[in-house]
Amino acid sequence: MVANLRWKIVSIVVVVVISVYGIIGFPTSWAGVKKNFVDRIKLGLDLQGGTHLILQVQTQEAVSLETDQVLDHLRTDLRDKGIRYDEIRKLNDTQILVHNLATDQASVFRDFVSENFPEWDIAPAPNETSGYVLTIKPSAVALIDQQTMDQSVETINRRIDALGLTEPTVAPYGRGDNEIIVELPGESDPNHAKDVIQAGGQLELTKVEGDRAYSSEAEALAALGGVLPAGSELVPGTSGTSNGAQPSAESWYVVDRTPIVTGRDLRHATAQPSTENPGTFEVAFTLSTDAARRFGPFTEQNINHEMATILDHKVIIAATIINRIEDSGRITGGFGEQRANDLALELNAGALPASIKYLEERTVGPSLGADSIRHGVWAAFLSLLAVIFFMLVYYCGPRAKPIVVIVNGVVLFLAAELFQTVLTLPGVPSVTYWLGLLGLPAVLLFMLVYYRGAGLNAVLALVLNLVILLAALGYFEAVLTLPGIAGVILTIGMGVDSNVLIFERIREELRAAKAPVSAVDLGFKRAFLTIIDTHVTTVVSALFLGVFGTGPVRGFAVTLIIGLLANLFTSVYVSRVIFDWHLAKMPRQAELSI
Amino acid sequence: MEFFKQANIDWMGKTKYFVALSLSLLVIGWISWARKGLYYGIDFKGGTLVSVRFAGPPPVDKIRQGLVQQGLGNSVIQQINDIGNANTNEVVIGLEEAGGGEEALDAGKTTILNALHSTLGAGEPGKQDFNSVTVQALAEQLARKDPLNLGTNPGDKYTQLAKQLTDYRDHELRGVVSDLGQLQSAGVSPAVISALRDTYFASNFAVINVEIVGPKVGAQLRKQAIVVTLYALGGMLIYIALRFSGGGLLHLSVSSGSFFLWRWIDFVIFGAAAVLAVFHDVLITLGLFSLLHFEISLTVIAALLTLVGYSMNDTIVIFDRIRENLRLMRRESFASIVNRSINQTLSRTILTSGLTFVTVLVLFLMGGQVLRSFSFALVVGIMVGTYSSFGIAAPLVVAWSHWRSQGGAATGTAAGDKGRRG
């Protein structure tokens, strides 16, 4: 039995070592302790500060775009085939109306459509003698939705990535409503985040008619004789002044409707310091070879004319073409570093296939996060202190030495200071930090050697429980949130329940005049099923919370579940081993201290 | 040390007191619920919430004026009075979801911020508020000004400096710098401070938290909360049915002529009593939430589910003991078996509830404003959940057993109930 016990103790020590490593690694210095701890325990948005966004991709725009394109194709194709009709137009996002089709060509038309546009259903138009309504199939819509979603997630991901945040999250969210969740820890300016996400729509490089901006729509039209030339459109600018710098909101451009280069053709864009204008930045870009073949002649023909870079139907820059550009060029405009970087980001990240709407936005400022950590840690330590104090007094029989208990209380207080220092303040650790770091293990060791009692057993099990819990959070890369800290506190309370169940049972058996060894044995046996029951019910409800909940609620569920599972280990296995070790060392006639 | 060495309290006799307590709590709660309704947080209602912290006592009237000027007269301004921290100097400005859709909500936040800046000091024109600057923006600005004369390639020295400044602001000054001179204590040189003064001013407030929940998401979260609760309760019911299926009151050995429904309830009475007790706990807790005007958010739902689990635990411990004693004490009346079981587990019940209660009480008092509603649910829930086990659940089982033994044909000890006091 002694050898058996030895192996059990070894296994526990191994668990302790692995857990401590999981929390603070192998620090080579005190600063290392703090750094490792902060690295390993991931803090949630509510503790770090950050931005949480839920956005919805307007996939119906992509469907609408598809319908537009089919409409264009139909027009040309039907004309080519000589099929006559009065009118063909778009009814809505998903339907096209063919009005008054020549009756003798009806079957030709139907065959043509079903052969060339298989994702579209044809039905006779209501209230018409010979009209048809083409409706896109739901399966095709679903496919477009899915593709749009996938591309949006990827594009947003790329853009957010370039922000350089640690551990951002971009993922589909919810059940089938085209929602995306974006979590940006450490980014406390949601507007900046939103700008980076949203400011990418269709990218187009196109010729500016007249090489100038107008200060209003009206002025533009007036200058052109009241009517836009065919093949052009009117596009507003964003801010600033024209010709090299950002266009102002009050500037309007008449541009060629057909862009020379679109986002698809862009290979790469980077921000770099400008050589002509030191202190400012410019954006250098490269195009694909195909595009270069188009771009070269275009730029050559249009030297000294203006070209507009249009993003999301707004001109972000109108620059003069200085020389022929084949596949690489620069956009100069005296940009600041952030602006140049953002511009490059936007150019790089391709097009967002549809626009997005924000459904939910939460921003936790860093000071609130620090507050929350402070409150949470304090509450955790105070409750731990209260529970430990009580357990020691209640379960330590006649040997309870109040002074030891008080000393332990003081040490725990110092440990709390230590913990808080590690988590919040930068710079040199304070005196209490050192006292805590050295004092805590010293007292525990002292108590282990001198002062043996079931209360200490419970305390050790509880402390190990928390250590395993924290280590597990680190290993699973689970996120610690403020409700998660509350979950830790709950684990303290509910975890001690297991020990109480066992100890009370042992006391009962001792009262029934059983020998210590069998009392301990029976106590553990009888209490075991009840312990399983209580843990399973709480874990079940926490499981659902974890599956259905998000963010803080999930953090709570995760810490509670891990805490309770660890508790099973510590209160049943570890406590038992400590008892066995104690019983093995105890003289035969001695009383069990409980 | 031991509290309850040999408790011998007649719990079943005292049932009426517990029931009376429960009824009064339920009634108070229902009245409040009917009149005031439940105070839903924006998780469920949708809307905009902006939390602002001030260097000194917040000028609520000026804020209100500013909001009215911007057309937000229907906004709600709440001053945070924290139990654990008397002078938080915080204000929460809330805007109900006005049905304008998601665009209106975003506009709401911007308008609130405009109102704050216009009435509380836009500082000098052209300068930004230091309290809202981010690390990257600050680093960029410092690099531009170069107060430490680091030349054209400072590396990330300025980013570190920016982080040092913002950390000091956020951790030491709790987010609000009311005078840029305060930053001297952050250990930066006066050159840096004057560089800052050129670009920034210090308003005396900082926005520490913003929450915008669109109406769609609000409805989704509501649905989610209900779904989770139902699933969790369902899961627990199944587990209890399995664990206690052999422990129904089959020892009553009722004759085959008995109505099938009653036999079926015999089978599940333990589980049913536990679930009813849990419902009772949740209803009382929600009633108190309504009465004391605590906000119901998603984390509160998490707390409610936790207290459901906790109350179940408590009830299960007693029922486990009852089942064990049923096997051992065949001669006694059911009521006295239940009494004995409760007395035997009394130590554990008081201890665990006491200790868990202490931990959540500490959380309630010291856990900060954010967790206040959450911890309140647990504080109330643990108290109610504890007494509901021996005050509601156990008496339910005893009452059923009594009713059955008086009703249909029964054998053995149960019939003896009629002659003895239960």
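# Chains A and B: questions and answers

Q: Which residue with a positive phi follows α11(B)?
A: In this predicted model, helix α11 of chain B covers residues 334–366. The phi of the residue in question is near 90°. The residue that follows α11(B) with this positive phi is Gly368(B).

Q: What distance does helix α11 of chain B reach from its first C-alpha to its last?
A: The helix has 33 residues, and at 1.5 Å a residue the expected value is 48 Å.

Q: Which helix gives the largest share of the side of chain B that touches chain A?
A: The contact takes 61 residues from chain B and 64 residues from chain A. On the side of chain B, elements that each supply at least two residues include α4, α6, β6, α8, α10 and α11. The largest share is 13 residues, and its source is α10(B).

Q: How many charged residues are on the side of chain B that touches chain A?
A: Chain B brings 61 residues to the contact. By class, 32 of the residues on this side are nonpolar and 18 are polar. The charged residues there number eleven.

Q: Which residue of β6(B) is the bridge partner of Glu361(A)?
A: Strand β18 of chain A, residues 356–364, is joined to β6(B) by five bridges, and the two strands run antiparallel. In β6(B), the bridge partner of Glu361(A) is Ile212(B).

Q: Why is one side of β7 of chain A and of β2 of chain B left without a neighbour in the sheet, and where do these strands stand?
A: The open sheet of eight strands has the order β7(A)-β8(A)-β2(A)-β18(A)-β6(B)-β1(B)-β3(B)-β2(B), with antiparallel pairing. Its twist averages 20° from one strand to the next. Each of β7(A) and β2(B) has a single partner strand, so one side of each lacks a neighbour, and the two strands stand at the edges.

Q: What angle does the direction of helix α3 of chain B make with that of β2(B)?
A: Helix α3 of chain B, residues 60–69, packs on the eight-stranded sheet. There it touches β2 and β3 of chain B. The direction of α3(B) makes an angle with that of β2(B) of about 165°.

Q: Which residue of β3(B) is the bridge partner of Leu49(B)?
A: Strand β1 of chain B, residues 47–54, pairs with β3(B) in the antiparallel sense over seven bridges. On another pairing, four bridges join β2(B) to β3(B), also antiparallel, and there the bridge partner of Val76(B) is Gly94(B). For Leu49(B), the bridge partner in β3(B) is Gly94(B).

Q: How many of the seven residues of β3(B) are buried?
A: In chain B, 46% of the 422 residues count as buried. Strand β3(B) is largely enclosed by the rest of the structure, because the number of its seven residues that are buried is five.

Q: Which strands are at the edges of the four-stranded open sheet of chain A?
A: This sheet has the order β3-β4-β6-β5, and the pairing is antiparallel. The twist averages 20° from one strand to the next. The strands that pair on one side only are β3 and β5 of chain A.

Q: At what angle to β3(A) does helix α4 of chain A run?
A: Helix α4 of chain A, residues 59–81, lies across β3, β4 and β6 of chain A. Of these strands, β4(A) and β6(A) run antiparallel and are joined by four bridges, with Tyr132(A) as the partner of Val98(A). Helix α4(A) runs relative to β3(A) at about 170°.

Q: Is Ala319(A) buried or exposed?
A: The place of Ala319(A) is in strand β16 of chain A, residues 314–320. Ala308(A) is eleven residues apart from Ala319(A) in sequence, with 6.4 Å between their C-alpha atoms. Because 20 C-beta neighbours lie inside 10 Å, Ala319(A) counts as buried.

Terms used. Residues are numbered from 1 along each chain as its sequence is written. Chains are lettered from A and ligands numbered from 1 in the order in which they are written. This is a predicted model: local features need pLDDT of at least 70, side-chain atom pairs count only at pLDDT 80 or more; totals for chains, interfaces and linings use all residues. The expected span of a helix is 1.5 Å times one less than its number of residues. Two residues are in contact if their C-beta atoms, placed from the backbone, lie within 7 Å. Ala, Val, Leu, Ile, Met, Phe, Trp, Tyr, Cys and Pro count as nonpolar, Asp, Glu, Lys and Arg as charged, and the others, Gly among them, as polar. Two strands pair if DSSP finds at least two bridges between them. Axes are lines fitted to C-alpha atoms, for helices over the stretch in contact, and angles run from 0 to 180 degrees between N-to-C directions. A residue is buried if 20 or more other C-beta atoms lie within 10 Å of its own, exposed if 12 or fewer, and partly exposed in between; C-beta atoms are placed from the backbone.
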